[in-house]
Amino acid sequence: PRVAGGMMDEVSSPTPPHSLFHLFGHIARDKDKDGTSILLELDKGLRSSETGTQYEAILFFPRLIAHFPESSVLLNTALLKLSDLFRVANNFIRVCLLKTFQQIFAFRSSHARGTHLAHLSCTDEFLRRIYTVLLSNDPLARAITLRTLGTVAHLVRDRLHIHHGIRSCMDSHHAQEASATLFALDRLCQCSPLFARGVMPKIVRMLEGLETDPARKLRLLRLFRHMHHDQPMANHAWATLTRMRSMYPSLPFQLACIATLTRLAHASLVHIPAHVSLLVSLLGPTGDVRTPVQVLALRSLHLIIKATPYPTQDTFDIGDIASRGLASPHAEVKEATLKVILSLSTFMCDEIARNDELVSRMEEMVTTHATAGPDALAHKAAHILANITTHTTPDPSLVERAITALCSHIRQAAQDARDCTPVLRAAAHIARTHPSVASAVVDTCTSAMNTLRDDD
């Protein structure tokens with residue numbers, strides 16, 4: 001650097017003398033020729049005896065494939081060179097290669113316009129070189145290999161010898177290898193019915209065994225959300241999760257079991273009535289009173305209703321759930337309850353409109369939370385009022401009560417300079433359906449604008 005007047009002049013940092021950045025400076029029209037020349041330069045870096053040079057060459061492979069996404073030959077050659085280095089390199093280089101594989105496979109899966117990774121011609125050789133490291137005596141090397149195999153799970157979904165190797169690592173007591181095994185299990189159970197069917201008995205034995213620590217059991221439990229490839233598998237997973245929920249009443253296990261049961265029911269569809277009954281029992285007078293369990297049960301019910309609303313509408317009493325949830329002192333329970341009511345308000349509007357106590361509570365929430373409390377509660381309550389007055393033919397007095405509550409909220413929000421856009425949308429929706437109340441909405445909006453203008 002040059003120093004002038006005691007101050008250092010700003011100069012641009014030059015490119016390192018042996019850097020590979022210059023390879024991507026200019027891409028000629030003959031892409032195949034450019035790709036081949038760049039690959040040769042990167043191959044020299046891979047074969048270097050200096051770790052830094054190898055590391056830099058590895059980092060440039062995702063950029064090479066991104067520049068030439070349609071070159072199948074270039075992709076196959078690059079993956080073979082990287083997998084060959086993975087087989088003989090140290091663990092630091094293997095970690096770098098793992099990050100590179102993650103970038104390459106993520107790019108090819110989402111952006112490639114040429115050959116898809118599932119149709120790679122070098123799949124067998126690529127996996128053979130990666131799998132060799134899984135037979136190593138180094139647990140850290142096996143951990144890196146397991147994460148690499150999890151990254152390319154769609155390539156190993158039908159490879160039985162690799163399935164056996166991954167299952168054999170489930171008994172490891174090395175922390176990093178155990179974590180990597182769970183990662184590979186999660187990715188493979190998601191895409192491979194064959195692997196999920198084969199590994200499920202061992203997962204059940206580990207969950208029921210006393211030698212498995214609680215933290216690992218929690219992660220094993222979450223694997224059952226993928227066990228829906230066929231009906232017998234889904235039934236077995238459902239029975240195991242139900243049994244584990246009764247065996248372990250602690251909060252982490254209850255939350256993990258409920259969340260996994262929800263995902264399993266959402267995917268398999270067959271267990272939705274039984275799961276809705278379970279969620280309703282958790283919210284009932286004899287259910288679990290712990291706030292996180294209540295919130296998760298309500299959110300799970302909301303997810304199930306959004307996925308399959310009609311099979312669930314006759315399995316519980318919306319009025320009972322609403323009265324218990326809205327009476328809770330916790331804002332997150334109230335908000336989750338309002339989400340459930342909102343998801344039901346479009347096709348159970350008649351039942352909700354006939355529940356005078358529930359409608360009164362919605363009006364109270366809209367007006368009360370205009371001055372205090374979370375805005376989200378008032379906004380959801382306003383949306384519910386709009387739904388039950390526009391998706392049915394309500395009593396005119398109900399429309400008047402709803403629009404009175406919404407207008408009161410708009411006026412108060414204008415005085416406090418608070419956002420009331422969702423409430424305005426709800427009022428406009430009601431006014432379009434029931435023109436008789438449009439004048440009240442217009443007068444309220446005019447008054448709110450005058451209030452805001454006076455404040456400015």
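I take buried as under 20% relative accessible area, exposed as over 50%, and partly exposed as in between, with a 1.4 Å probe and protein chains only.

**Ground rules.** The model is predicted, so I note that local features need pLDDT of at least 70 and side-chain atom pairs pLDDT 80 or more, while totals for chains, interfaces and linings use all residues. Residues are numbered from 1 along each chain as its sequence is written, and side-chain values use heavy atoms, without hydrogens and water.

**Whole protein.** I looked up the helices and strands (DSSP runs numbered from the N terminus: H or I of at least four residues, E of at least two). The protein has 22 helices and two strands. Of its 456 residues, 48% are buried.

**Phe195.** I found Phe195 in helix 9, residues 193–208. Is Phe195 buried or exposed? Its relative accessibility is 0%, so Phe195 counts as buried. I then checked its contacts (heavy atoms within 4.5 Å). Leaving out residues up to four places away in sequence, Phe195 touches His163, Ile166, Arg167, Leu185, Leu188 and Cys189. Ile166 is 29 residues from Phe195 in sequence, with 9.9 Å between their C-alpha atoms.

**Helices 10 and 12.** I turned to helix 10 (residues 214–222) and helix 12 (residues 251–268). Their axes are 9 Å apart, at an angle of about 10 degrees. Axes are lines fitted to C-alpha atoms over the stretch in contact, and angles run from 0 to 180 degrees between N-to-C directions. Helix 10 and helix 12 are therefore roughly parallel (angles under 35 degrees). Pro214, Lys217, Leu218, Leu221 and Arg222 of helix 10 meet Pro252, Phe253, Ala256, Cys257 and Thr260 of helix 12.

Notes: Angles under 35 degrees count as roughly parallel, over 145 as roughly antiparallel, 65 to 115 as roughly perpendicular and the rest as oblique.
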